[in-house]
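Reader: I have a protein model open and would like to talk it through. May I put some questions to you as I go?

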Amino acid sequence: MNHQEKLSEENLTELMEFVLLGFADKPYFQWFLFGLFLIIYIIILMSNGTIFLITKMDPALQNPMYFFLSNFSFLEICYVSATLRRMLMNHGTQRRKISLVAGATQMCFVLMFGGTECFLLAVMAYDHYVAICNPLNYPLVMNHRVCIQLVTGSWTIGIPVMIGQTYQVFSLPFCESNQINHFFCDIPPILRLACGDTFVNEMLVNIVAVVFVMVPFLLILGSYSKIISIILKLPSATSQAKAFSTCSSHLIVVVLFFGSAIITYLRPNTRYSKGTDKVLSLFYTILTPMFNPMIYCLRNKDVIMVLRKLLCESFTSLKNELNVLENNDKTRVEKTRERLSICEMAGGYRRMEHLKHEQEVNLTSVMEFFLLGFSDIPHLQMFLFGIFLFAYVIILMGNGVIILITRVDKTLQTPMYFFLSNFSFLEICYVSVTIPKMLTNLWTQKRNISLFECATQMCFFFILGGTECLLLAVMAYDRYVAICNPLHYPLVMNHRVCIQLVTGSWITGIPVQIGQTYQIFSLPFCGSNQINLFFCDMPQVFKLACGDTFVNEMLVYIVVVLFVTVPFLLILGSYSKIISTILKLPSATSRAKAFSTCSSHLMVVTLFFGSGMITYFQPKSKHSSGRDRFLSLFYTIGVPMFNPMIYTLRNKDVMVALRKLLP
C-alpha cells in the first residue's frame, strides 16, 4: 500500500499553467462571442461609470444611500474586469493558457470582490432599515464617519481571508489534465483538477461561504423583514408605496445576485453540468452587473432627474441656436424645440406631481372605459374590419385544421402532436378574447366597454397568456426528452404524464390571474376613461388609475417572473441541452434531422416571447401609442396567425397528413 502511494506521488506532474476552455466547444462563434462580450463590457463600464459620476457631482445625491451606490458601481466595474478582460483576450487571440500565478491572482480578486459585494449589499440594506424604521435618528446614525467605516470594512474585511482561501486551493497537487472547462479560474473547476482527497479544502471553502455569503444574506433578510413590517403599519397606501420605492431597486439587485450565486454553488452535485455551470456563471459575473445600473436608473426618480438635469445643462446653448434658426430653417427649429422639451420635463416634474395630487382629491367612479383602438384613422375603419376579420378566419381555419389532422391521422398520435393540438386550441381561445370585441367596435363604432367586461377580458387574456408560456415550456421539455434521452422517451412521456402536463399548464394560472385582475381593478380610477388600445391591457389600465400603483406593479412583476420568466428560462435550459446533444451527433444528416424536429417550436417561442418582451419591457420613455398598438397586434394576432403556417410548412409529417386528408 505504501509502495502504491509512493508511485502515485512520483507520477504527479507539477503544473505550471492551466488552459481555460471557456467556449472553445463552439469554434464558429468565437468572434461573435468576442463582439457580444465586448459590447456588454462597454455597457457595464459606461453605465456604472455614469452612476459613479453623477453621485459624486450632483449635490442632491450627496447622502449615504448614493454614497453606497457609487461604491457599489465602482465595485461592479472591478468585479467584471477580473474575469471579462481575460475572456475577451482568450476569444481575440485564441490563446487560452493562463499561468498558475495568473490563475491564482484572478481567483483571489474574484473572491475578494464577490465577498465585498455581499457585505456592501448588507450595508445598503442596513441603510434602508435605518432610513425607514428609525427616520428621526437617521442623520445621527448614518453620519459620514459611519458610512466611511462601513464601506472601508466591506472592502477590506475579506482580503486576508480570500488570500488564505486562494493559497489553500492552489497549494493542492495537480495532475493529469490542466484544462479548466470554464471561462475563469473558479473554485469548483480548480478543485476537480486536484489530486487526492479535497474534503478538507471543500470544508474550508464552505466555512468561508457561510461567513461571507450566508451571514450578509441573513442580515439582509433580517433588515427587510423589519422594513416590511414597519411599512405595512403605515397609515396610507401613498406612504407605503413611497417607502417601498426607496428600497425596491436594492431588493431586486439582491435577488438577482444572491439568487444566481446560490443556484450556481448550492445545487446538488448530481445536477452539475459543464454547460449549465458556464451559463449560470455568466449570469452572476457579467449579466447581473450589466442589469444593476438599469435597475437603479429606471426605478429611481432622483437618478433619472439628475440625468435629465445633466442633459439639460449640455443643451443650454440650444436657446441661442433657436433664435438664430428662427428665420432660416423651420425643420431644424422643430427638432431643437423637441430637444429643449427634455429640460422642460425636468423643470415641470413638481408641477406634474401637484396635478396628480389634485386628481386624487377629485376621484370619480368610472363605470366604463372606451377602447379607442384605431379611432384616429376614421377613414380606414371598414378596411381594418375586413383585414382583421380575414386574419381571424385564417387563425380559426389554420389552427382548426391542425387540431383535426392531429386527431384523425394515426401517425400523429404522439406526445409532440398531442401538445401541438392543445396549443392550436389555445391559440383559438387566445385570439377570441380580443378580436371579436375589436371587430364589433370597428363595425358599430361603439367603443365603450363596462368595467366588468374589461376585467373579464383582461382576466382571460392573462390566463391564456400564462397557459401559452407554460405549454411552450412543456413542448420544449418534450423535445429535450426526445433528443437527449430517446430510449426512455416512451416511458417518460407516456399518455398519463402528457395529460398531467397539459392539465397543469391550463389550470395553474387560473387562481393567480383572477387575483391579479382583482387587485388591478380594485384601484380607484379618475379623470380620463379612454384606453388607447384595442383591448383592456394591463399597462393601459394602470395609466388610468389614481394614486401610486407601485405595490400593484410589484405584484405584477412577481407574477411575470412566475409565469413568463420561469417558463422562458426552462425553455432556454432545454434548448441549451438539446443543442449541445445535437452538436455531438456524428453526421450532418442526423444533426439536421434532430434540428428539424424542434425548429418549428423554436421559431414560435422566439416570435411569442420576443414580441412580448419588446412590448412590455421597453423603457417607458420609448412608449408611444402607435408603436404599442402595432406590437400588441403582432403578439395577439400576428403570432397566432403565423403559428399554423410554421408548423405545417416546416413539418413533413403534418404536410403528409394534410395531403392524405385533401382529396
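Reader: Which residues make the nonpolar surface patch?
Author: In this predicted model, the patch is made by Phe199, Val200, Met203, Leu204, Ile207, Val210, Val211, Val215 and Leu219. Its area is about 790 Å².

Reader: Where is isoleucine 207 found?
Author: Isoleucine 207 belongs to helix α9, which covers residues 199–232. Its relative accessibility is 49%, so the residue counts as partly exposed.

Reader: Staying with that helix, is serine 223 buried or exposed?
Author: Serine 223, which also has its place in helix α9, is buried, because its relative accessible area is 10% and the cut-off for buried is under 20%.

Reader: And what is serine 223 in contact with?
Author: If its neighbours within four places in sequence are left aside, serine 223 touches Ala125, Tyr126 and Tyr129.

Reader: Let me step back to the whole protein. How many helices and strands are there?
Author: The protein has 27 helices and six strands. It contains 663 residues, and 45% of them are buried. The accessible surface amounts to about 34700 Å², with 68% of that belonging to carbon and sulfur atoms.

Reader: What share of the contacts join residues at least 24 apart?
Author: The share is 78%, counted among contacts between residues at least 6 apart in sequence.

Reader: Now the strands, please. What is the order in the open sheet that contains β1?
Author: The order is β2-β1-β3, and the pairing in this open sheet of three strands is mixed. Strands β2 (97–99) and β3 (179–180) are the edges, each pairing on one side only.

Reader: How do β1 and β2 run, parallel or antiparallel?
Author: They run antiparallel, and three bridges join β1 (residues 17–20) to β2. Glutamate 17 has serine 99 as its bridge partner in β2, while phenylalanine 18 stands opposite isoleucine 98.

Reader: And what about β1 and β3: in which sense do they pair?
Author: That pairing is parallel and takes two bridges. Leucine 20 is partnered there by isoleucine 180 of β3.

Reader: Which helix lies across β1 and β2?
Author: Helix α4, residues 100–133, lies across both strands. The helix runs at about 85° to β2.

Reader: You mentioned glutamate 17. Which side chain does glutamate 17 meet in a salt bridge?
Author: The side chain of glutamate 17 meets that of lysine 97, at 3.6 Å from N to O. Glutamate 17 lies in strand β1 and lysine 97 in strand β2, so this pair ties together parts that are 80 residues apart in sequence.

Reader: Why can such side chains pair at all?
Author: Side chains of opposite charge can pair when their charged atoms come close.

Reader: How exposed are glutamate 17 and lysine 97?
Author: Glutamate 17 is partly exposed, at 32% relative accessible area. Lysine 97 is exposed, with a value of 51%.

Reader: How many salt bridges does the count come to?
Author: The count comes to two salt bridges. One of them joins aspartate 478 and arginine 479, whose closest N and O atoms are 2.8 Å apart.

Reader: Are aspartate 478 and arginine 479 buried or exposed?
Author: Aspartate 478 is buried, with a relative accessible area of 1%. Arginine 479 is buried too, at 7%.

Reader: Let us turn to the sheet with β4. What is the strand order there?
Author: That open sheet of three strands has the order β5-β4-β6, with mixed pairing. Strands β5 (448–450) and β6 (530–531) stand at the edges with a single partner strand each, so one side of each has no neighbour in the sheet.

Reader: How do β4 and β6 pair, and over how many bridges?
Author: Strand β4 (residues 368–371) pairs with β6 in the parallel sense, over two bridges. In β6, glutamine 530 is the bridge partner of phenylalanine 370.

Reader: Which helix lies across β4, β5 and β6?
Author: Helix α19, residues 451–484, lies across these strands and runs at about 85° to β5.

Reader: One last point: what is the phi of glutamine 445?
Author: Glutamine 445 has a positive phi of about 65°, although this residue is not a glycine. Glutamine 445 sits in the loop between α18 (435–444) and β5, and its relative accessibility of 40% makes it partly exposed.

Technical notes
Residues are numbered from 1 along each chain as its sequence is written. This is a predicted model: local features need pLDDT of at least 70, side-chain atom pairs count only at pLDDT 80 or more; totals for chains, interfaces and linings use all residues. Side-chain values use heavy atoms; hydrogens and water are left out. Patches are made of residues with over 30% relative accessible area and no salt bridge: like charges are joined within 9 Å, nonpolar side chains (Val, Leu, Ile, Met, Phe, Trp, Tyr) within 5 Å. Accessible areas come from the Shrake-Rupley method with a 1.4 Å probe; for residues, only the protein chains shown count as cover. A salt bridge is a side-chain nitrogen of Lys or Arg within 4 Å of a carboxyl oxygen of Asp or Glu. Helices (H or I, at least four residues) and strands (E, at least two) are DSSP runs, numbered from the N terminus. Buried means under 20% relative accessible area, exposed over 50%, partly exposed in between (1.4 Å probe, protein chains only). Contact means heavy atoms within 4.5 Å. Two strands pair if DSSP finds at least two bridges between them. Axes are lines fitted to C-alpha atoms, for helices over the stretch in contact, and angles run from 0 to 180 degrees between N-to-C directions.
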